Every structure is written in C-alpha cells, then in structure tokens.
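We will take the tour one selection at a time.

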Amino acid sequence: MSHPVSISIHGPVAVISMDKPPVNSLGAALRAGIADAMDQAQANAAVQAIVLTGTARAFSAGADVTEFGTPMAAREPNLRVVISLLEDSPKPVIGAISGQCLGGGLELAMGCHYRVALADATLGLPEVKLGLLPGAGGTQRLPRLLGLETALNMVVSGNPVAAAQVAGTPLVDKIIEGDLLQGALAFAHQVLEQKMPLRRSRDLKVKDAQGQAFLQFARNTVGAMSKNFPAPLRCLEAVAASVSKPFDEGVRLEREGFMALMASPESRALRHVFAAERAAAKIPGLAADTPLRTIAKVGVIGAGTMGGGITMNFLNAGVPVVLLEMKQEALDKGMATIRRNYENTMKKGKLKPEQVEQRMALLTGTLSYDAFADVDLVIEAVFENMEVKQTVFETLDRVCKPGAILASNTSYLNIDKIASFTKRPADVLGLHFFSPANVMRLLEVVRGAATAPDVLATSMAVAKKIKKIAIVSGVCDGFIGNRMLARYGAAASGLINAGALPQQIDGALQKFGMAMGPFRMGDLAGLDIGWATRKRKASEAGLPMTPVVADKLCEAGRFGQKTGAGWYRYEAGKRDPIPDAVTEALITEYRAANGIKARKISDAEVIERCIFALVNEGARILQEGIAARASDIDIAYLNGYGFPLHRGGPMLYADLAGLPNVVRALRRFAAEPGADASWQPAPLLLQLAADGKTFC
Ligand code: NAD
C-alpha cells in the first residue's frame, strides 16, 4: 500500500496531503503519517506555514470504525495527540477542506489555526448516530468556533452542514472558488504576510449570551426525544461544559462521556446496525461485478393491500408501473387508494400537487396480461394460495419477454414450487415486502434453488433504488422473518394458555421496546391469516389441527381490527385496543378444557420466552444457511418487525445476554411437561455457547 500521507514544499508552505482511500479514515497509519509529516515540516527551517489537506472525496470522514475495540484504535499517536501537534504548532496550520469532513476528521480540522473549504464540503460530528460523542475535543472546539446553538444542534443531531452554510465563522474562514490547493496556498501567504496570529480554537470563548437558558430548554427537548438512548444527552452535557468550564476540564468530561458511551449496550447496538446494513448487501457466492439487468418498467399483479404499496415504491422512484387486477372494480379501488395515499401526503405538505400527478402519470391500470409484454420485472401480490399463484406464474411464463424477472410477494409459500410453474425458474425469486409496503424499509429477497446470480444482483439493486434495506433469505416456510415470528407467536400463545392475558404480554414486550405486542399485531394483520396458515400446515402434514385460543376467536368471527374485535375489542373508527371480557372468557374456557391451572407470569418471563424463541429459531435459520449471517436476521427484525433499535436485534440481544444464559433458559423451558420440541436449544446455539463465541 502506498503511504497514506505525503508532504510537498511550495515555497514557504509545506502541504501535508492525506490520501488513504476511500475516505481518509483516521486509522493508526494515517495518524502516524500526519505526525511524521508535522515533525518534518517543523524541522525544515524554510517552511513557515503548513497546509493540511485530503482528497476531493474527503478531507477525512472520521475514525476508522474497523479499528473500534481493537488495539489499533489505541495505538499512539492517538487522534488527540495529532490534533495537539497541529494546534500547538509554532508555524500556522491551515486546513484545506473538500468532500467529507466528519467526526474525527472535523476534530482534526478544528486543530488547525485556520480553515478554508470548497462550498460543498460537508462538515459534521455524526458520532451520536453510533451512540457515541466526539471523543477528541469536538464538543469543546465546535462551540468555540461556531457558537453554542449551532454547535449543539450539530453535535446532538449528528447532521452535517455544508461549508457554505457556516462560511465567515471561525469554523470556515474562507470559501475557495476553483482549485482548493491554490486557494489554500494563497490563504497561507496571506496569513504570513499579514502576520495573522496562531488562532487556537481551544483559547476562544463560546459566544452565547443566553447560554444557560438555552441549555435548559435543550435538555428538556433532547431528553424527551431520545428516551432509549443515552448519547444525545451526554453530547449535550459535554457541549454545555464548553460554556461553563475551562477547555481542559471540558475535554476531560468529554472523554469520560465517550468511554461510558463506548461501553453502553445502546452504542454497541447502533454500531452493530451500522456494520450490519453494509454487510447485508454482500451476498456469499455472488461476485460484486455481476452484471445487472435493466429494470425500466415494472408490472404488479394484485391491487390489494400489498400490491398498492409495492406499486407506490416504484412510482416514487420514477419507474413506470402497470398494475393488473382481475376485475375493473378491484382495479379502480386499488388505483383510488394509491391516489388517496399521495393526496394525504400532499395535505401534510410532503408532496407538491404536481408531484402527485407526476407519480400517478407513471401508473397504468390493466385487466389484461397483454400489458405485461414489455415489463422488465413483475411482482405478484395476489391471494396467498398456491393454485392462484400457479395460474398467475403459468400466465406470466407465456406473456413476459425473455429475461423479465418474475417475483412473488408470498409470505410463506415455496418459491421453488412457484418457479416450477414456469419454464424459466432461473428468472424467478421472492420479493417479500412488509405492510405497509410503501413505508416499511425491509425487503426479504428470497433466493430460489434455481435463481440466477444476475436476477439476485438486480433485485438487490432494485431494492436500493426504491430505498429498501434488503436481506437475502433461502427458501423455507415463512423465510427468515415469518418463520421466526411463528415461534415468537407460539411462545406468546403458550403464555396465554399458562396464565397471562394478551394485554400483559403486549405490555411487557412493548416496555421491552417492541413497537407493538404480538396480540395487537395479530389484530392489526388479521387473525384469519394465521388461522388459514395453521389449517394449511395441518392438512399438508396430514394431521388434525391442534386448536389454540386464536382458532376459537376466529370461529367466533373475531378476526381483529377489521371485524371490530379480535384479542381486543375496538370502538367504531378507532384503533385503540380495549381488553375484552369475551376474550378472557374464551381463554378461561380453553384452560379448563385442557386441564390447565393458570399461574402468575412475570414480565421478565414474557421477555425471556418470546425473545429467546426468536433467537433459537434464528440460530436454526443460520445453521441451515437460510440466512448468511446473524446480522441479516437483526436487520430483518429491526426493519420489518418493530424490534427496538437500541437493542440491536434479537441475535445481538442474545449475544449481550450471554449465549450460555440463553441456553440455560431454553433448557428450562424444554424440560417442562408437555413442552414443544422447538424449545430444545438449536445445535448452533449450543456450539457457540460451548465455545465461548457469539452470533455477531
Ligand atoms: P389482498 O387480499 O389485500 O390483495 C390481493 C389482491 O389480489 C386483491 O385485490 C385481488 O383482487 C387480487 N387478485 C387475486 N387473484 C388475482 C389474480 N389471479 N389476478 C390478479 N389479481 C388477483 O392481499 P394482500 O394482503 O395484498 O396479500 C397479497 C400477497 O402478499 C399474499 O401472497 C400475501 O401473503 C403477501 N403479503 C401480505 C402481507 C400483509 O401484511 N398483508 C405482507 C407481506 C406479504
């Protein structure tokens, strides 16, 4: 690897250039390189001023996250030392900024005595987004350079600003038009000619007359907005210290906060998710340069709940869609729902009237498959029934052009079987969206046994284009997400049988952080769906159905919100779940019929059973290769199932709980009389626990 830092002499000015692709992350080698170059510049008597610069893409995008938690992160010189070398330099140092100047990169730049930048360079301290705070003086220097309010907003939100927005403040002394290096050299000459002072940001006073009042207001707001995350308030307190404390004392407090946050489970979770999202795009066995098919026009079949939402994703991305239904009435209804959704967004001020029309103009409704002759991708979202899917895919095989990708949005059905209805199984895969499909970020891409690599790669690219986070799943009943959900639901249902009520279980899981408990979710999705699935599975297995309380609810016509009652009852036009005596009576009846004596169940037991049920099935899914990595499972649960972000997903949760502890709990459940075999700890989980390893 070429040296990441070079030095060149331009008359009286030394230019230190950082060039470590892709974004000058401040790993050990880059830090050492800057320190060496500074030493050289100081030792050279001809040098009177120093310019520190990066590449067009980045001055520096900050710490090297791959070094977090490794000895390299602590290797000297650390970033604070390097920043001091700049700030304490007896020769003026000018930062010349283009591209990203973020996190440790901005902290480095703030160590310079002056800064010049291209107008579109982005400056920010995004550490809070990883549950951290800037740990190299950023919380103390930024308010000194930018004033309290703007600095606090930047540190607490983590959002960057363009250099042009802060031009004229001591953070950006000058915006350079044209060539950055020439501009920086000219500025350095000006500093020398005008004998401008060595302006150290640490020596400046924070400007803000209303400091304490503003801080109190900010504490209230930030506290209310960040309840599961400690970082924003810690950031705020560190910035507050810049107003009331000497610089060194502020830096000490910042350091303490940084160390505490680095050790917090919330930051662990956010850093895990950051890495997991990047990892999800890498598919084992699929070359990064796999050629992509062009997707210029999309067909969607079924204008119901899912088909409508799926269609909107493509219209939003500017891709024309042909939407097919069986009957004019269903088509009209589906098209009207799409328009109404857009108009509601418009009423909230988030879309302009002309944008609504632009999107609707990309949509064509049809009752005929002839309109599918030229589509590049079809997504089927018809009833969840294999015979219906068979007819649809046989037809698609006849009408679609060669090379068109044929996808099913099925929640559970076998993609390989669906592919077998065509003479082109290599072009078939599952694209499993989540409801509401225009809102939920998750897309499960289901890879069939025959799915071609370029079909998979193209689908991942399509996901990105429509702003989804995609994970790849193998074929199994329910794929990654719903297969795990079935165990979670069974655990919750077992707790009902044993003595809990829906409201207690939902309450405990919502306190844990789940967006919605399983019974509220069941009522929202419709209990008839699970009922149909249970009937199908029983008939496929050739076994009689083992009745559960949910079946009794369905037999009584209680399908959830849509029928005004399910596990809960609902007042007309409202969505608030009201605990219902009818449900309680059905549960009591069920227990009596099965000889179950209700026992008291703690909230802790609810969490343990429901979450560890997810984890155990997740381990099986990993072992079978249905998921390529544990972090893909976490991405699915965080983005498709309302799992709390601050816990990082079920698999990371298990890691942090300690896999031997998870195993012990599962063994306890498996040993209970009549326990379902699925409580047996998965072999992979046993292995990892025994080896002292983790999922993530
Ligand atoms: P839905 O009943 O709301 O919509 C299905 C639509 O398909 C209806 O409008 C129906 O008229 C139409 N249709 C049925 N057969 C057709 C045919 N042969 N040709 C053209 N149109 C036809 O159902 P949904 O909830 O949108 O589910 C659709 C699919 O998506 C199912 O496979 C389901 O498992 C899956 N899915 C549903 C959800 C969810 O939460 N609802 C989530 C993920 C996946």
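Helices (H or I, at least four residues) and strands (E, at least two) are DSSP runs, numbered from the N terminus, and two strands pair if DSSP finds at least two bridges between them. The model you are viewing is predicted: local features need pLDDT of at least 70, side-chain atom pairs count only at pLDDT 80 or more, and totals for chains, interfaces and linings use all residues. Residues are numbered from 1 along each chain as its sequence is written, and side-chain values use heavy atoms, with hydrogens and water left out.

**Stop 1: the sheet.** Here you will find an open sheet of 4 strands in the order S4-S6-S8-S9, with mixed pairing. Select 58-60 for strand S4 and 161-162 for strand S9: these stand at the edges with a single partner strand each, so one side of each has no neighbour in the sheet. Next, pick residues 122-124, strand S8, which pairs with S9 in the antiparallel sense over 2 bridges. Click leucine 123, then look for its bridge partner in S9, valine 161.

Stop 2: Now select residues 305-316, helix H12. How many of its 12 residues are buried (under 20% relative accessible area, with a 1.4 Å probe and protein chains only)? The count is 10, so H12 is mostly covered. Among the buried ones are Met306, Ile310 and Phe314.

**Stop 3: the domains.** Finally, colour domain 1 (5-262), domain 2 (298-473) and domain 3 (500-598); such bounds come from an automatic or database domain assignment. The centres of domain 1 and domain 2, taken over C-alpha atoms, are 46 Å apart.

How values were computed
Expected span 1.5 Å × (residues − 1). Buried < 20%, exposed > 50% of the residue type's maximum accessible area, 1.4 Å probe, protein only.
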